[in-house]
Amino acid sequence: MIPVSLQLSGFLSYNQTVTVDFSSFDLACISGANGAGKSSLLDAITWALFGQARRRDDAIINSRAGTTAEVVFTFDYENNRYRVQRVKTANKPTLLEFAVLAPDGKWRPLTEHSLRETEERIVQTLRMDYETFTNASFFLQGRADQFAQQRPGDRKRILTSVLGLEVWETYRETAAERRKSQENELANIDGQLEEINAELGQEEQRRGNLRQLEGELARAGELRKSHESALQSMRQLASALSKQKSLVDLLQAQAETARRRWQASADQLAERRAELAANQSQVAAAVEIEAEYQRWQALRAEVERLDGLAASFNQYQHQRNLPVNAIQAEKARLEQELSSAVAQAAQTRDAQTLREIEIGPAQRAQLGDAKGRGIQQLEHGAVAQVQRHVA
């Protein structure tokens with residue numbers, strides 16, 4: 001990886017925007033007082049690439065610069081130019097952009113869907129992580145012996161990553177898989193050759209078996225022909241039996257139909273016999289039935305006569321009620337007039353008038369006798385008319 005440019009803004013010691021152009025020199029020495037920002041340049045590179053520096057999260061933001069820290073790192077790697085831009089705003093998630101310079105001079109984005117996926121894309125592109133980078137590209141302050149203190153396995157892994165030996169490990173694994181596949185294929189071929197040699201050693205025996213099998217096949221063919229002939233005969237017999245069965249089924253159906261018809265005729269005959277017996281019993285009782293009929297007619301005539309008498313009586317009863325109702329109405333009117341006269345006499349206190357208009361018990365008795373005689377005359381007249389109607 002060859003650095004091209006580094007731009008810092010609000011990052012650690014840098015409160016203003018600073019750009020370092022690495023293309024203007026081949027070898028450089030950075031010097032300055034403590035806190036001037038020497039180590040911040042290296043931290044800016046590791047933070048832009050891997051998101052790691054001496055400080056983390058909002059602590060990397062310069063308090064005098066505002067609330068945002070930004071680092072843009074451009075580098076060449078394997079004949080391609082890449083640009084990584086990382087921005088951190090206070091109390092907000094980190095933003096990471098990864099792009100490659102296209103042949104037309106435009107930056108083509110390589111950013112993934114999330115921050116973690118984009119960082120993994122950068123690691124895959126560089127084929128090294130933060131640990132390998134800090135052990136191979138530069139030494140952190142106070143950790144110059146970090147590589148020497150690593151375990152042998154970690155040192156081997158770091159060197160393998162730095163020297164690009166992973167591809168040879170891939171070649172080794174691929175060669176081992178191909179060798180194993182070839183060995184399995186060779187073993188299969190050897191097994192097939194052994195089977196072929198064993199079969200060649202049994203050639204005479206197999207030829208004898210073949211001749212024996214051919215003879216059995218010929219006999220089986222003759223036997224098959226005879227079986228086919230017998231099968232044909234059985235099929236013809238089965239066809240004839242099927243026709244006979246169909247004829248038998250037809251005859252059975254006709255017999256069943258005839259049986260049902262006979263049963264229906266027998267049932268009708270029994271019904272007719274029962275009707276005949278009933279008619280004969282009715283003929284035997286004809287005289288008694290005739291006498292009962294004559295008696296019924298006489299009773300019916302008597303009922304009609306009595307109904308006529310009842311109608312005449314109801315008519316006469318209605319005629320009787322007419323004068324009775326008239327008498328009752330006249331009596332009510334006279335009593336009303338009497339009551340009015342008595343009331344008037346009481347108001348005028350005229351004793352003489354009261355004696356003249358007052359009706360004593362004798363007059364009331366005469367009035368009742370007249371009413372009784374009128375009603376009795378009406379009743380005698382109604383009874384005489386009913387008797388004449390009956391006669």
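**A guided tour of the predicted model**

Begin by selecting Glu195, which is found in helix α5, spanning residues 166-201; helices (H or I, at least four residues) and strands (E, at least two) are DSSP runs, numbered from the N terminus. This is a predicted model, in which local features need pLDDT of at least 70 and side-chain atom pairs count only at pLDDT 80 or more, while totals for chains, interfaces and linings use all residues. Residues are numbered from 1 along each chain as its sequence is written, and side-chain values use heavy atoms, with hydrogens and water left out.

Glu195 counts as exposed because its relative accessibility is 53%, where buried means under 20% relative accessible area, exposed over 50%, and partly exposed in between (1.4 Å probe, protein chains only).

Next, select Arg86, which has its place in strand β4, residues 80-89, and which counts as buried because its relative accessibility is 2%.

Two loops complete the tour. Leu12, in the loop between β1 (2-9) and β2 (18-21), is a residue other than glycine with a positive phi, near 50 degrees, and is buried, with a relative accessible area of 11%. Arg127, in the loop between α2 (115-126) and α3 (130-136), is not a glycine either, yet has a positive phi of about 55 degrees, and is partly exposed, with a relative accessible area of 44%.
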